Amino acid sequence: MDLPAGIRNFSYATDMAIFRTKTHWALLLVLLVILFTAPLYWGNYWLGVANLIGITMIAAIGLNILLGYCGQLSIGHAGFIAVGAYTAAVLTNRLELPFLVGLISAGFTAGLIGLIFGIPSVRVKGFYLAITTIAAQFIIIWVINHWSSVTGGFTGISVPLASIGGFVFKSEASQFYLIMSIAVICTFFAKNLARTRVGRAFVAIRDNDLAAQVMGINLFRYKLLAFFIGCFLAGIAGSLLAHWIGFMNAEQFSLTESILYIGMIIIGGLGTTIGPILGVVFIRLLQQVLTVQVVPFLESTVALPAGFASGVTPMLFGLVIVLFLVLEPRGLAHRWALFKSAYRLWPFSY
Amino acid sequence: MDELLQFVITGITVGMIYALIALGFVLVWKSSGVANLALGQLVLISSWFTYGMLVQAGLPLWLGFPLVVLFALALGWIIERFVLRPLIAQPILSLITVTLGLAYFIEGVVTFIWPWSVDALPRLFPREPLHIGTAVVSQEYLWAAAISLVLFGLLSLYFKYNKMGIAMRATADDQMAVQACGIPVTKIFSRSWMFACVLAAVGGILMSSIGGITFGLVETGLKAFSVVILGGLNSFLGAIVAGPIIGLAENLGGGYLTPLTWPGVREVIPFIIIIIVMFLKPYGLFGEVRIERI
């Protein structure tokens, strides 16, 4: 928490404030203006990428609350996103309920399923929890694939476009506004959650759950709350994903996708607000650049082995995850903080 | 009745292979406290390597298998030396997630080198089925079980009599005391990873000689987790007992529950067992209950 030279806080409220100086407010305003005027000067392709990034960001913020703040490892995040996506798909397609009802119930359904699989977290942690959530992922995907009278099974299910009132989100640009507004709200929520009693309880549980319990934190309640919030956001992201893609198939929610979510959080930086944002942008952009630009370019210039296109992305992602854990376990957020404190103090070195 | 006998024999023998793979996990967990979530991918890549040696390079069996074992040893050494050693004394969360990154990487390597993703190993065991009582069992299963048993025997002899094996057991018991005795702990870690990779390779060869090489091998590795969870994370005996139980549950459940529920119920039974064990007895049948202090 370093401030620009010459600025001091004289009360607890100003010290805890998210935006502490006028520059902060100005920067926030500029960022929001740039974000929400982006559809004016971005093409449809980049808007699509931005939409995917926004949806992923919402899910990643959920996982960050669960894993980064509360320290509960979940390797089934893609499964919980699938629960949300299918709830929204079934409600809006088969029962023809409005989009907003689908969105909210997607969040709650995913949250409840998360609660069920989160119950063992009260007694076990670490590897045991990792395995429980992997099992959750497989069971969820199996149910989706085989309960075909409701979910459409292996053939999948189509999802209508999102609409509020009479307005239908048809173009990429209108969906961009929908997705980005929710993503901004979620970021704001996550940042504020970390400053409340609940957020501090999560951090205490992460650092030493036994000590937290001795201090009077109800482990059962707070761990399950973390699971609920994390999976609720996953459900919201799933619902947006369903309406954005328009067609759902359980193959979109594989175990590798779950691992990728954990990778994003780690690359971004665990337990920070900026972390998931940086990590998601990094991974999704890398994915886009690799599959759309680099691989076709290399394929047209050099003769490549047949598996190059499908193999290089997971190889690179795995490598990036391992390298970040070995070399920079605090993630990009830490680098960002270093950069911030450097330019604030410039030209003095300390 | 013969149907039942057949399910039981197949279940127990497949369970032995699961137990073999699970043993590799327990080995690493006991000695270094690292949860190896890349188990399935290790099984996958060593099966494909076997395919590369025996089919693509056309080597004879007596040369191919030692090469596979060498490959597994090298793989284990590399993983320990370059991925896990820099992370010694890091929180368990990093140790788990780093193996996830590793899993992702290995899967990429496999799709990179062998992009067609499904193939079969040459026939290693005689084909004609055996008749046990009224049941018909293909010989491959029995061979697989026999090889697993021999490996269990060899491993337990190693841990009982070999100096390094005894040192490994000691490390599992108390890392600090072992260090004070002058035993190189990092060497033990590296040894346990090498063993785990060899066990995964043998399990992979046995599995893929029965069912072919597919991405399903990753799930075989994941089923080994249910063996570990049921048996208890730090118990060799637990893995050996729980393996056949999981195999039995899978085959009996697949045989008798499929008409009652949806098809493919066989695939999720190990995962449902994990959830049940988590609710009832999270530390497994033979696992040590961890007592925590602040």
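Trainee: In which hand does α12(A) pass α13(A)?
Mentor: The model is a predicted one. In it, the crossing in which α12(A) passes α13(A) is right-handed.

Trainee: At roughly what angle do the axes of helix α12 and helix α13 of chain A cross, and how is α12(A) classed relative to α13(A)?
Mentor: Helix α12 of chain A covers residues 255–268 and helix α13 of chain A covers residues 274–301. Their axes come within 7 Å and cross at roughly 125 degrees. Because angles of 65 to 115 count as roughly perpendicular and those over 145 as roughly antiparallel, α12(A) is therefore classed relative to α13(A) as oblique.

Trainee: Which residues of α12(A) meet α13(A)?
Mentor: On the side of α13(A), the partners are A:Gly275, A:Pro276, A:Gly279, A:Val280, A:Phe282, A:Ile283, A:Arg284 and A:Gln287. By class, this contact has nine nonpolar, four polar and two charged residues. From α12(A), the residues are A:Glu257, A:Leu260, A:Tyr261, A:Met264, A:Ile265, A:Ile267 and A:Gly268.

Trainee: How far apart are the axes of helix α9 and helix α10 of chain B?
Mentor: Helix α9 of chain B spans residues 216–231, and helix α10 of chain B spans residues 236–257. They pack at an angle of about 125 degrees, which means that α9(B) is oblique to α10(B). α9(B) passes α10(B) in a right-handed crossing. The distance between their axes is 8 Å.

Trainee: How many charged residues does the contact of α9(B) with α10(B) have?
Mentor: Residues of α9(B) in the contact include B:Lys223 and B:Val227, while those of α10(B) include B:Ile246 and B:Glu250. By class, the contact has six nonpolar and four polar residues, and the number of charged residues is two.

Definitions and conventions: Residues numbered from 1 in each chain as written. Chains lettered and ligands numbered in written order. Predicted model: local features only at pLDDT ≥ 70, side-chain atom pairs only at ≥ 80, totals over all residues. Heavy atoms only, no water. Axes fitted to C-alpha atoms, helices over the stretch in contact; angles between N-to-C directions. Helix = DSSP H or I, 4+ residues; strand = E, 2+ residues; numbered from the N terminus. Parallel < 35°, antiparallel > 145°, perpendicular 65-115°, else oblique. Left-handed = near helix turned anticlockwise from the far one by under 90°. Contact = heavy atoms within 4.5 Å. Nonpolar A, V, L, I, M, F, W, Y, C, P; charged D, E, K, R; others polar.
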